[in-house]
Every structure is written in structure tokens, then in C-alpha cells.
Amino acid sequence: MSYIGRFAPSPTGPLHFGSLLAALASFLDARSNNGQWLLRIEDLDPPREQEGLKEKFPEVLEAFGLYWDDELSLQSERLEYYRDVLQQLLDSGDAYRCSCSRKEIQQRSGNLLYDQHCLLHPPEEGANCAIRVCCKDSLISFRDIIQGPHAYNLKTSSGDFVVYRRDGLFAYQLAVIVDDYLQGITHVVRGSDLLDETPRQIHLQQLLGYPSPAYAHIPVANNSEGQKLSKQTYAEALDCSHPAPVLYKALQFLDQEPPAELQQGYRDEVLEWAIQNWDIRKISAVKGKILQTGNI
Ligand SMILES: [Zn+2]
């Protein structure tokens, strides 16, 4: 079986140790399966983007020895595909226009679960609208390679969700499944903060007749207060000058039990050991782990 994996960061903050975990795990899983590994920059939200970051991502990955196959791809170059898919969903009646604001939804239903108001009362032509996808009142289940079986009822957990925003941007959910399909992705290895997004992605894949890739959600790294490392929690940008010890620490975090002598190894020795010995089944089936602080 051919294997195509990917790493898909968004340029809203610098790559940090948490990003490296997702990059490394997806890279090692692809390489140890003789697969391809693609780099995709998810630059769909220009207002949240940081200037110059997407040019920097490739440099950081190269510094860590994580070389990707093919040209790197940018979501901003695929807008016409997203537009076509959106139209397809509208034409099939699986999606509809919605002019409600968050405030209106909250006032009507007491929470943010959408009440299908605009499905029953379509907004006027020309109104500034988001586009929502209809969800069925049934379970979407999948078996995550790391986190095990999961089942969600989208009707009660998320409601009809937005695939195109009122501010004119495509939602992550839509772009990611179109990209995974166009790029022939067979395996998605990423942080567990995206586990709850998976059923919505599978729902869209089913509506569009796309195959679903296999999913593996690794534990995210939390700081000592239990918060996920992210731009919001001021996670430090990766230091590219000493990649080997950082890679070693990432392998420890991913429960790969690298031998102590590798701690003094060169970058490529660490990576070579990791590809040879990668075992995704060793990774703990937890959503997050505290990162022991040290020199990273
Ligand atoms: Zn509405």
C-alpha cells in the first residue's frame, strides 16, 4: 500500500516544540512506512498571519533534518478548488447560506449550537452570508490509530457547522479535506487538539465521496499549568542551532524510548535511529502530557 503523509502548519505563530512533535511524528510514520511526506502551509487566514513566517517554516524543518517530498504547497493557491467544492455542497443541498451572527444564534438557542434558522428561513439574495453544512442525527465513528475508537453525533455536538465564513474566508474544515483529497493523503498524524475536528472532516468526506485517510492523534505538549504549548501560551520558537537534543527530547515525549547514548548523537544519527525504530503503538493514548522543562 502506498503511504502519503503530511505536515500542515499555519503561519499564525512560530514553530515551537509542540509543532515539532507533530512534524516529527508524521515524518517518522511516513518514512518508516517508505511513504512520502508533504509540507503544506495552511495560510487561509491572512489577518491572523505573521509577516514572513511561512517563508521561515521550510528553513526550520530543514534545520531539523525533516526534508519533505515535492514542492511545498500553499492553501492560498487553491482557493478556486475550495470555491468549486462549496458550490457542489450548495447544489446538492448539503449546505446552505446563513446570515446569523453569533449573538443572534446565542440569543435564540442559549448556546452556539446552530438551530437551522436559515435552513427554514433562507436569507435574502445578496445578504452577507456564511455557508453551513447540514449534519445528520447519527453517529460518525472512527478508530484513531493512537487514541482508539471514537464516535460523535454531530447534530448534538457541533450542529450544522460553518465551511465558509461571513468575512469571506474558507473554514479550516473545508480546506483541509479538499487538500488531503487532492494530495492523496492516506495518513494524517497530528496533535490531539484536532481530534474533535475529525468527525466533521469525515462527514464532509462522506458528503463529497472522498476516501477518509487513517488518523493518528498524538498527545499535545502542555506546560506545567496544563496549557497546550501554543502562540497564546507564549511557547518559545524552536532553536534551530542545536537540533539533535531537541529531536531526542521529542522522541522521549513520543514514548519511543531512545537509548541514552543517542543523546550525544548528531542530528542525522538521531533521525536515522528514529526511522529504524519508530513504533506508533508505543505512543500513550492520552490527549496531553506535561512537558518536563529543560533546555529546549
Ligand atoms: Zn442563519
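Reply: What follows describes the sheet strand by strand, and then turns to some helices.

This is a predicted model, in which local features need pLDDT of at least 70 and side-chain atom pairs count only at pLDDT 80 or more, while totals for chains, interfaces and linings use all residues. Residues are numbered from 1 along each chain as its sequence is written.

Three strands form an open sheet in the order β4-β5-β8, with antiparallel pairing; strands here are DSSP runs of E with at least two residues, helices are runs of H or I with at least four residues, and both are numbered from the N terminus. Two strands count as paired if DSSP finds at least two bridges between them. In general, strands of a sheet pair through backbone hydrogen bonds, either parallel or antiparallel. In this sheet β4 and β8 stand at the edges, and because each has a single partner strand, one side of each is left without a neighbour in the sheet. On average, and with direction ignored, neighbouring strands of this sheet are turned by 45° against each other, where the axes are lines fitted to C-alpha atoms, for helices over the stretch in contact, and angles otherwise run from 0 to 180 degrees between N-to-C directions.

On one flank, strand β4 (residues 95-98) pairs with β5 in the antiparallel sense over four bridges, and C98 stands opposite A130 in β5. The pairing of β5 with strand β8 (residues 161-164) is likewise antiparallel, over three bridges. Within β8, Y164 is the bridge partner of I131, and V162 is the bridge partner of R132.

G110 follows α4, and the phi of G110 is positive, near 80°.

Elsewhere, the axes of helix α9 (residues 243-253) and helix α10 (residues 267-277) come within 8 Å and cross at roughly 25°.
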